[in-house]
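Dear colleague,

Please find below the structure that I am handing over to you.

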Amino acid sequence: MVDYQEVLIDGVLTALREIWWLFALAAAIAVTRTPVVKGWIGEALVRLSARMLLKPAVYCPFHNVTLRDERGTTQIDHIFVSPYGVFVVETKTMKGWIFGGERQATWMQKIYRSSHKFQNPLRQNYRHAEAIRKLLDLDAELIHSIVVFAGDSRFKTKMPENVVQGGGYIGYIRKFRRRVFDDARVEDLCEQIANGRLAQTRATHRAHVKNLTAEHADADGPACPKCGAPTTLRKTKKGERAGQRFWGCSNFPTCRGALRYSPA
């Protein structure tokens, strides 16, 4: 007598064995869509383009550098030390339309009908450049700040020359051709950064996020539980919680940390 239940189970298992790769592919796609992974991908693309187009013998690279400063710690995406100056690069992996000005405190990201404010990345990178300047004891004109937008984004307002998309930062760096350091000085600066940076460990990252949380404790909103940045008060637009208010990370959509709104 045929056991139809057993036949059905065997059939299902056979089908799953044949399409297992679809589940793996779906999981991989889901992971790459998370803000953290998107950020990693954006930074990895900057690293790759630098490795291919900036000679390491001329442009000494450092990535994911955490330094101590007067406010605790600061994390820098990329640093390139060269005879032509020190380049401090901040990476933003975003999509949609980007609106902003050099002197504005916040910029705007617009995706269809949804708009979100985020901190002017030039101001954010100013802190990074200052930390490097003080570590190396250099004049400000020898430090060059660059902001790179990775991902599917478009500028809808005129941006400063040092705010670029994708590999545009390579061309900006190459525009500096006047030697300001000799080879021995470049080597010395690289050694100072290598010795001055904090260890690249999870403990360093956790301590940095904790420091950010404490730094923004007195902001209008509580600190983001994921990255420690300030949060802003928002309202849910869709679903069963439509109309409810919540604290959303100011770095959205790079970070999607959120907290339930609790009135004082």
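**Surface patch**

A nonpolar patch on the surface is formed by Leu45, Leu48, Met52 and Leu53, which together have about 410 Å² of accessible area. For nonpolar patches, residues must have over 30% relative accessible area and no salt bridge, and the side chains (Val, Leu, Ile, Met, Phe, Trp, Tyr) are joined within 5 Å. Accessible areas come from the Shrake-Rupley method with a 1.4 Å probe, and for residues only the protein chains shown count as cover. Leu53 belongs to helix 2 (residues 35-53); helices (H or I, at least four residues) and strands (E, at least two) are DSSP runs, numbered from the N terminus. Leu53 is partly exposed, with a relative accessible area of 43%; buried means under 20%, exposed over 50%, and partly exposed in between, with a 1.4 Å probe and protein chains only.

**Basis of the model**

Please note that this is a predicted model, in which local features need pLDDT of at least 70 and side-chain atom pairs count only at pLDDT 80 or more, while totals for chains, interfaces and linings use all residues. Residues are numbered from 1 along each chain as its sequence is written, and side-chain values use heavy atoms, with hydrogens and water left out.

**Salt bridges**

The structure holds seven salt bridges, a salt bridge being a side-chain nitrogen of Lys or Arg within 4 Å of a carboxyl oxygen of Asp or Glu. One of them joins Asp69 to Arg127, with the closest N and O atoms 2.7 Å apart. This pair links distant parts of the chain, since Asp69 lies in strand 1 (residues 60-69) and Arg127 in helix 3 (residues 121-136), 58 residues apart. Both Asp69 and Arg127 are buried.

Another salt bridge is formed by Arg185 and Asp188, whose closest N and O atoms are 2.8 Å apart. Both residues lie in helix 5 (residues 183-196), three residues apart, about one turn of the helix. Arg185 is partly exposed at 27% relative accessible area, and Asp188 is also partly exposed, at 33%.

Arg179 and Asp183 form a further salt bridge, with the closest N and O atoms 3.2 Å apart. Here Arg179 is partly exposed, with a relative accessible area of 47%, whereas Asp183 counts as exposed at 57%.

**The second largest pocket**

The second largest pocket has a volume of about 400 Å³. The elements that give two or more residues to the lining are strand 6 (114-119), strand 10 (231-235) and strand 11 (245-249). Strand 6 provides the largest share, four residues. By class, the lining has four nonpolar, five polar and six charged residues.

As to the terms, a pocket is an open set of points on a 1 Å grid over the protein atoms alone, where a 1.4 Å probe fits, with protein on both sides within 12 Å along at least five of seven lines; lining residues have an atom within 4 Å of a point. Grid points are joined across faces, edges and corners, and the volume is the space filled by probe spheres set on the points. Ala, Val, Leu, Ile, Met, Phe, Trp, Tyr, Cys and Pro count as nonpolar, Asp, Glu, Lys and Arg as charged, and the others, Gly among them, as polar.

**Backbone angles**

Most residues other than glycine have a negative phi. Tyr112, in the loop between strand 5 (106-111) and strand 6, has a positive phi near 55°. Tyr112 counts as exposed at 77% relative accessibility. Asp137, in the loop between helix 3 and strand 7 (143-150), also has a positive phi, near 55°. Asp137 counts as exposed at 68% relative accessibility.

**Contacts across the sequence**

Asn120 and Ala105 are 15 residues apart in sequence and 5.5 Å apart in space, C-alpha to C-alpha. Thr204 and Thr66 are 138 residues apart in sequence and 7.9 Å apart in space, C-alpha to C-alpha.

With kind regards

Conventions. Patch = residues over 30% accessible without salt bridge, like charges linked within 9 Å, V, L, I, M, F, W, Y side chains within 5 Å.
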